[in-house]
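The following report walks through a single protein chain, with the sequence and the model to be read side by side.

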Amino acid sequence: MILLLSLGLTFWLRAQDFPLWWIVPMVVGHFFLFCHVFRVWWRLELSWAVAFVMLVGIHLAAGYIGWLSPLIMQTPVTLFVVWLQMRSPWYHGILARRVNPRLNEHLDGAP
């Protein structure tokens, strides 16, 4: 439902010629990716969000309002966050059985 609402908001913002319409799908898409696919730890999500806000702020200060450059520059941050999460012993997202040999310990509640 949230994905549909954000899709509608994105189309509406675009129709209104709002120059920063791309922020909605980028943030919601990453939220979905982090929460439902890779199950990223909240501190890593927060770190990604801080990097995103700083990156968008830098672009806006430079007068750039397009979506491509922020997406290209944020992608390494996203990949790094996913990589860190997948390397952790508590990883339980997609492909967890393949990449986390300690998954059963985590699921059983071992410290």
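Predicted model: local features only at pLDDT ≥ 70, side-chain atom pairs only at ≥ 80, totals over all residues.

A search of the whole structure finds four aromatic pairs. Trp 48 and Phe 52 form one that is stacked, with 5.1 Å from centre to centre and 5 degrees between the planes. Together with Phe 34, Trp 48 and Phe 52 make up one aromatic cluster.

Phe 80 and Trp 83 lie three residues apart in helix H4, which comprises residues 68-87, a separation of about one helical turn. A pair of aromatic rings is described by the distance of the centres and the angle of the planes. For Phe 80 and Trp 83 the centres are 6.0 Å apart and the planes stand at 25 degrees, so the pair counts as stacked, the angle being under 30 degrees. Phe 80 is partly exposed, at 48% relative accessibility, and Trp 83, also at 48%, is partly exposed too.

In soluble globular proteins, nonpolar side chains tend to be buried together. In this chain the largest nonpolar core has 20 residues, of which Trp 22, Phe 34, Phe 38, Val 40, Phe 52 and Val 81 touch the most other members. Helices H2, H3 and H4 each supply at least two residues of this core. When neighbours within four places in sequence are left aside, Val 40 is in contact with Phe 34 and Val 81, and also with Glu 45 and Gln 85.

Gln 74 is located in helix H4 and, with a relative accessibility of 1%, counts as buried. Not counting residues up to four places away in sequence, Gln 74 touches Met 26, Trp 48, Ala 51, Phe 52 and Leu 55.

## Helix H1 and its covering

Helix H1 consists of the 14 residues 2-15, which at 1.5 Å a residue should span 20 Å, and this agrees with the 20 Å that separates its end C-alpha atoms. Its buried residues are Ser 6, Thr 10 and Leu 13. They cover an arc of only 70 degrees around the axis, which means that they lie on the same side of H1. On the other side of H1, the exposed residues are Leu 4, Leu 5, Phe 11, Trp 12 and Ala 15. After H1 comes Asp 17, whose phi is positive, near 60 degrees.

What covers the buried residues of H1 includes helix H2, residues 23-37. Val 24 lies in H2 and, at 17% relative accessibility, counts as buried because that value is under 20%. Leaving aside neighbours within four places in sequence, Val 24 is in contact with Ser 6, Leu 9, Thr 10 and Leu 13, and these contacts include the buried residues Ser 6, Thr 10 and Leu 13 of H1. The C-alpha atoms of Val 24 and Leu 13, which are eleven residues apart along the chain, are separated by 9.2 Å.

## The chain as a whole

The protein chain has six helices and zero strands, and its elements run α-α-α-α-α-α from the N terminus on. Its radius of gyration is 17 Å, well over the 13 Å that the globule rule gives for 111 residues, so the chain is more spread out than a compact globule. Along the principal axes, the C-alpha trace spans about 50 × 30 × 20 Å.

Buried residues make up 30% of the 111 residues. Among the contacts with a separation of 6 or more, 52% are accounted for by residues 24 or more positions apart.

Conventions: Residues numbered from 1 in each chain as written. Heavy atoms only, no water. Helix = DSSP H or I, 4+ residues; strand = E, 2+ residues; numbered from the N terminus. Expected span 1.5 Å × (residues − 1). Buried < 20%, exposed > 50% of the residue type's maximum accessible area, 1.4 Å probe, protein only. Arc of directions from axis to C-beta. Contact = heavy atoms within 4.5 Å. Phe/Tyr/Trp six-rings, centres within 6.5 Å; stacked < 30°, edge-to-face > 60°. Core = buried A, V, L, I, M, F, W, Y, C linked by side-chain atoms within 4.5 Å. Rg over C-alpha atoms; globule rule 2.2 N^0.38 Å.
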